[in-house]
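Please open the structure in the viewer and keep the selection panel at hand.

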Amino acid sequence: MALPQVIDVDEFFPVAWPIITDLAAAGSKTCDDPPAIELLALAARASALASVALSRTGIANHSLEVRGFLLSALEGVSRVPSDQSDAAATARRALSGFLEAVMVDAAGLSTGFAQGTADEAKESQTLQRWILRTLGSRALLLLQEASSLTDMARNLLQIEAGEGVFVLLCSAARHADTRCLPEALYREAHITELLSCHPPLRELWLRHLVARFPEGPRERLVRRLL
C-alpha cells in the first residue's frame with residue numbers, strides 16, 4: 001500500500017485512509033486473538049504508512065485526515081496492556097515519525113518556505129496549533145488519571161503513557177513554525193500544567209529543549225520556563 005502508484009490514485013484517501021486510521025487505534029483493543037503485541041505492531045505500521053503517504057502528497061487539503069489519524073493513533077498508544085509497554089513504545093516512536101512529517105510540511109507551508117496558497121498557509125498554522133493542543137491535553141489527562149489510581153501497576157502504566165505522549169508533544173513542538181512558540185505551548189498545550197502535575201516532566205522538557213530545539217525557540221522557551 002505504500003507504493004507511489006497506490007498513494008497517487010484518487011481513491012487512496014477516500015478508501016484506504018480510513019482503514020489506516022482504524023489500524024492506528026489497534027493497540028487500544030482488548031482481545032486475545034490476535035494478541036496485543038500484534039495489534040500494537042499494526043498500529044506502528046499504520047503510523048509508518050501514514051508518514052509515507054503524507055510525505056508524498058503533502059498535508060495541503062488533508063487537515064481532516066491528519067486530525068482523524070492522530071486522534072485514533074493516540075487511543076492506540078494510550079490504552080495498552082501492562083505487559084506490552086515495549087511494543088507500545090515502538091508504536092509511539094512510529095507515531096513520532098508521522099508527527100514529524102506532518103509538522104515539517106505544515107511549518108513549511110505556514111512560513112512560506114514550501115509553495116502553497118494563503119489559505120493553505122493559514123490552515124497549516126491552525127493544524128500545528130491543534131496538534132500541540134491535542135497532544136498536551138491527552139498527556140495531561142493521562143497523568144491526572146494516574147494520580148487517582150490506587151493500583152500501583154495501573155498507576156505506573158498510566159504515567160508511562162502520559163510521559164510517552166508528552167515526548168510526542170516535545171517532538172512535534174521542535175518542528176513547529178517558530179511563530180507559534182511559546183504561546184501555543186504555554187497557552188494551549190498546557191505545558192505549565194503538565195510540569196506542575198508531574199514534576200519529572202520538567203527534566204524531560206529541558207533535555208528536549210537543550211538537545212533538539214533550534215537556538216532561537218530554545219532561548220525563548222527556556223526563559224519562559226525559568
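The stops below concern a pair of helices and then the cysteines of this predicted model.

**First stop: helices H4 and H6**

Select residues 63-78, which form helix H4, together with residues 118-147, which form helix H6. Their axes approach within 11 Å and cross at roughly 15 degrees. Because angles under 35 degrees count as such, H4 is roughly parallel to H6. The handedness of this crossing is right-handed.

**Second stop: the contact of H4 with H6**

On the H4 side, display Ser-63, Val-66, Arg-67, Leu-70, Leu-71, Leu-74, Glu-75 and Ser-78. These meet residues of H6, namely Glu-123, Thr-126, Leu-127, Trp-130, Ile-131, Thr-134, Leu-135, Arg-138 and Leu-142.

How many disulfides does a search of the whole structure find? The search returns zero.

Select Cys-180 and Cys-170 next. Cysteine sulfurs must lie within 2.5 Å to count as a disulfide. The sulfur of Cys-180 has its closest cysteine sulfur in Cys-170, 16 Å away, and is therefore too far for a bond. Cys-180 is also buried, at a relative accessible area of 0%.

Cys-197 counts as partly exposed, because its relative accessibility is 32%.

Notes. Residues are numbered from 1 along each chain as its sequence is written. This is a predicted model: local features need pLDDT of at least 70, side-chain atom pairs count only at pLDDT 80 or more; totals for chains, interfaces and linings use all residues. Side-chain values use heavy atoms; hydrogens and water are left out. Axes are lines fitted to C-alpha atoms, for helices over the stretch in contact, and angles run from 0 to 180 degrees between N-to-C directions. Helices (H or I, at least four residues) and strands (E, at least two) are DSSP runs, numbered from the N terminus. Angles under 35 degrees count as roughly parallel, over 145 as roughly antiparallel, 65 to 115 as roughly perpendicular and the rest as oblique. A crossing is left-handed if the near helix is turned anticlockwise from the far one by less than a right angle, and right-handed if clockwise. Contact means heavy atoms within 4.5 Å. Buried means under 20% relative accessible area, exposed over 50%, partly exposed in between (1.4 Å probe, protein chains only).
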